[in-house]
Amino acid sequence: MAIERGQMRLVFMPYVDLATGQVIGAESLVRWQHPDHGEVPAAEFVPIAERSGLIVPIGLWVVEQAVSQAARWRAGLLVGINLSAVQMRQHDFVERIIDLVDRYRVDPSAVVFEVPEAVVAEEDGRITAAMARLRDEGFRFAIDDFGTGNSALASLQRQPVDFLKIDRTAVEELGADPDGSSMGRTILQTAASLGLATVAEGIETTGQLRELRRLGCSFGQGYLLSHPVEADELERRFGHPDTVSTV
């Protein structure tokens, strides 16, 4: 398996405070460096891993690597970790997570679990219960790719979440038609009414950034702000304004 062969690693996509330009944390992204095919995109191997069940050991490895890295960072730096439905349905999922943060002495509030909107929309009892238990322990949750699934916005009040991540397709709409109606604008308005912070994905133009700031989006990710970086580079930038902060 690629994990045992040392072919996997994590990089980190910064979360940037759009009001100040400061880096406040990052989403951990798994990379597979195949000896023959080079770097294999996660979009290619993760769906296969989910179908085969390999996502369980891979997902646990990602969580442990991210948590162990968080233990070496300064206090206050958030780490985002993507979760799949397969992982969250495991009978010992919650206990494994709690054991890891206890072992590495990490504050649970520094960990943001990112769960796809499609998974949350299912309202699977096992997943909802796992999320509620972990949130009671102090962990935070973000609904990932929001705007691509079938979630009723009103149902957010029943979910134990802290952040909505606005899908890049909705962000693209904002930049293309700042005066028109869009899913991104609706999400931001609804999130504000529910007291949820928002994270815009895929920010690539100054027009998108300006509109997101005007609408009060809390945080952002995207190549305009930063490419994925190594762990030490992320900590170096933590709390410092990026060059886009004055755009």
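A search of the whole structure finds 1 cavity of 30 Å³ or more. A cavity here is a set of points on a 1 Å grid over the protein atoms alone, where a 1.4 Å probe fits but cannot get out. Grid points are joined across faces, edges and corners, and a volume is the space filled by probe spheres set on the points.

Before going on, a word on the model. This is a predicted model, in which local features need pLDDT of at least 70 and side-chain atom pairs count only at pLDDT 80 or more, while totals for chains, interfaces and linings use all residues. Residues are numbered from 1 along each chain as its sequence is written, and side-chain values use heavy atoms, with hydrogens and water left out.

pLDDT is the predictor's confidence in each residue, from 0 to 100. For the protein chain the mean is 86, and 87% of the residues reach 70 or more. Where pLDDT is low, the predicted coordinates should not be read in detail. Helices (H or I, at least four residues) and strands (E, at least two) are DSSP runs, numbered from the N terminus.

Back to the cavity. The largest cavity has a volume of about 70 Å³. Which residues line the largest cavity? They are Tyr15, Ile24, Leu78, Val112, Glu114, Ala142, Phe163, Lys165, Val199 and Phe219; a lining residue has an atom within 4 Å of a point. β5 and β7 (163–166) each supply at least two residues of this lining. By class, the lining has 8 nonpolar residues, no polar ones and 2 charged. Ala, Val, Leu, Ile, Met, Phe, Trp, Tyr, Cys and Pro count as nonpolar, Asp, Glu, Lys and Arg as charged, and the others, Gly among them, as polar.

Some of these lining residues also turn up in the strand pairing. Two strands pair if DSSP finds at least two bridges between them. β7 and β8 run parallel and are joined by 4 bridges, and Phe163 has Ala197 in β8 as its bridge partner. β8 and β9 also run parallel, with 2 bridges, and there Val199 stands opposite Phe219 in β9.

In a regular strand the side chains alternate between the two faces of the sheet. In strand β8 (residues 197–200), Ala197 and Val199 point one way, Thr198 and Ala200 the other way, and all are buried. Buried means under 20% relative accessible area, exposed over 50%, and partly exposed in between, with a 1.4 Å probe and protein chains only.

Strand β4 (residues 78–82) is mostly covered, with 4 of its 5 residues buried. β4 pairs with β5 in the parallel sense over 4 bridges, and Val79 stands opposite Val111 in β5.

Next, the pocket. A pocket is an open set of points with protein on both sides within 12 Å along at least five of seven lines. About 960 Å³ of space lies in the largest pocket. Its lining has 33 residues, and Glu27, Leu29, Ala42, Asn82 and Asp144 lie nearest the centre. Two or more lining residues come from each of β1 (8–17), β2 (23–34), α1 (42–52), α2 (55–72), β5 (111–116) and β6 (140–146). The lining of the largest pocket divides into 15 nonpolar, 8 polar and 10 charged residues.

Now the aromatic rings. Rings of Phe, Tyr and Trp (its six-membered ring) pair if their centres lie within 6.5 Å; planes under 30 degrees apart count as stacked, over 60 as edge-to-face and the rest as tilted. The count comes to 4 aromatic pairs. In one of them, Phe113 and Phe141 are tilted, 5.7 Å centre to centre with 45 degrees between the planes. Phe113 lies in strand β5 and Phe141 in strand β6, so this pair ties together parts that are 28 residues apart in sequence. Both Phe113 and Phe141 are buried. With Phe139, they form one aromatic cluster.

Last, the backbone. Most residues other than glycine have a negative phi. Arg105 has a positive phi of about 55 degrees although it is not a glycine. Arg105 lies in the loop between α4 (93–104) and β5, and counts as exposed at 79% relative accessibility. Asp145 also has a positive phi, near 55 degrees. Asp145 lies in strand β6 and is partly exposed, with a relative accessible area of 26%.
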